[in-house]
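Work through the two exercises below with the structure in view. Each task is followed by a solution in steps.

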Amino acid sequence: MRPIALAIHGGCGVMAKLDLSEQEWVAARADLARSLQAGWAVLAGGGSALDAVEAAVVVMEDSPHFNAGHGAALNAAGEHELDAAVMDGSTLAAGAVAAARRIRNPVKAARAVMESGEAVMLAGGAADAFAREAGLAVVDPSYFTTERRLEALARMKARAAAGTAQLASEAEKHGTVGAVACDGAGRLAAATSTGGYTNKPVGRVGDSPIIGAGTYARDGICAVSGTGKGEYFIRHAVGHEVASRMAYLGESLTAAAAKVIHEDLAPYGIGAGLVAVAADGSVTAPYNTDGMFRGWVTAEGRFHVASHAEVFEVTEEFARP
């Protein structure tokens with residue numbers, strides 16, 4: 001058995017500590033822990049990295065604390081358009097859905113698209129229809145809406161009217177969830193899901209479902225899931241760039257990821273972050289904002305979650321196989 005590893009993120013640019021009650025912060029961290037536990041249970045049981053990242057992301061899609069699935073951001077028309085992708089590093093197979101409106105768990109639909117072998121990405125109504133035909137849960141769009149997202153849309157529209165949209169915090173604008181894993185066979189996988197950014201143009205597609213941008217995995221190198229302003233992640237092919245710096249320049253996972261987040265993207269003044277895992281089981285989670293919802297499991301099987309600088313150890317541990 002090779003080292004197994006798992007890391008997750010729930011979006012960079014998390015809210016200021018005073019924006020939520022301590023009870024709400026505890027609940028958000030608890031859902032991060034549940035996501036880690038879901039993914040780690042797969043890996044510890046000898047399952048695949050692909051199954052692990054899907055399981056981890058589903059938990060965050062079902063949580064109201066993150067911008068994916070239930071709790072997703074609203075576009076300029078007050079509607080939800082959901083993006084997600086998965087990638088299997090062992091085969092480079094990938095699947096994605098974009099601008100979906102009714103798929104309860106978009107990451108499951110992305111996995112189904114990949115396994116169908118007929119396409120890498122399906123968009124809009126076609127993605128919803130595919131999910132329904134595949135037997136996946138579809139819901140009324142109101143399922144995704146939360147009071148916090150309605151308030152965020154109202155604030156962003158007010159800012160847009162006043163010409164101050166650029167002054168909005170990263171938390172007001174966007175968020176994403178994602179997971180990366182390395183399993184006992186050395187296989188790598190990545191999964192990402194998002195509602196995009198608040199008040200985005202109707203039909204806008206970000207980096208999360210774009211393979212090589214917000215989601216990327218290649219066995220022997222690394223798996224990456226990003227969070228931030230997707231337009232820049234697409235232009236810089238962020239996931240592929242991290243892998244390429246490792247493969248062609250011989251950089252470590254930590255150095256390659258830090259270079260992209262802190263140097264390549266920093267000049268644009270955008271909030272950005274990612275989680276990544278290398279073939280040796282090492283993990284990294286760089287970000288350039290005040291915080292990033294994130295979590296990882298150490299080689300000893302210890303669970304850690306964080307939102308800002310302080311890192312919390314989760315008391316419940318899952319034993320290694």
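**Exercise 1.** Find how many disulfides the structure holds, and state whether Cys-12 is buried or exposed.

Solution.
- A disulfide is a covalent bond between the sulfur atoms of two cysteines.
- In this predicted model, the number of disulfides is zero.
- Take Cys-12: the nearest cysteine sulfur belongs to Cys-222 and lies 18 Å away, and Cys-12 is in no disulfide.
- Cys-12 has 2% relative accessibility, so Cys-12 counts as buried.
- Now take Cys-222: the closest cysteine sulfur, in Cys-182, is 11 Å from its own sulfur, which is too far for a bond. The cut-off for a disulfide is a sulfur pair within 2.5 Å.
- Cys-222 has a relative accessible area of 0% and is buried.

**Exercise 2.** Describe how helix H1 and helix H2 are placed against each other, and list the residues that meet.

Solution.
- Two packed helices are described by the angle between their axes and the distance between the axes.
- H1 covers residues 22–44 and H2 covers residues 49–61; their axes come within 8 Å and cross at roughly 160°.
- Angles over 145 degrees count as roughly antiparallel, and H1 and H2 are therefore roughly antiparallel to each other.
- The crossing in which H1 passes H2 is right-handed.
- On the H1 side, the residues in contact are Asp-31, Leu-32, Arg-34, Ser-35, Ala-38, Gly-39, Val-42 and Leu-43. On the H2 side they are Ala-49, Asp-51, Ala-52, Ala-55, Ala-56, Val-57, Val-59 and Met-60.
- Sorted by class, this contact of H1 with H2 has eleven nonpolar, two polar and three charged residues.

How values were computed. Residues are numbered from 1 along each chain as its sequence is written. This is a predicted model: local features need pLDDT of at least 70, side-chain atom pairs count only at pLDDT 80 or more; totals for chains, interfaces and linings use all residues. Side-chain values use heavy atoms; hydrogens and water are left out. Axes are lines fitted to C-alpha atoms, for helices over the stretch in contact, and angles run from 0 to 180 degrees between N-to-C directions. Helices (H or I, at least four residues) and strands (E, at least two) are DSSP runs, numbered from the N terminus. Angles under 35 degrees count as roughly parallel, over 145 as roughly antiparallel, 65 to 115 as roughly perpendicular and the rest as oblique. A crossing is left-handed if the near helix is turned anticlockwise from the far one by less than a right angle, and right-handed if clockwise. Contact means heavy atoms within 4.5 Å. Ala, Val, Leu, Ile, Met, Phe, Trp, Tyr, Cys and Pro count as nonpolar, Asp, Glu, Lys and Arg as charged, and the others, Gly among them, as polar. Buried means under 20% relative accessible area, exposed over 50%, partly exposed in between (1.4 Å probe, protein chains only).
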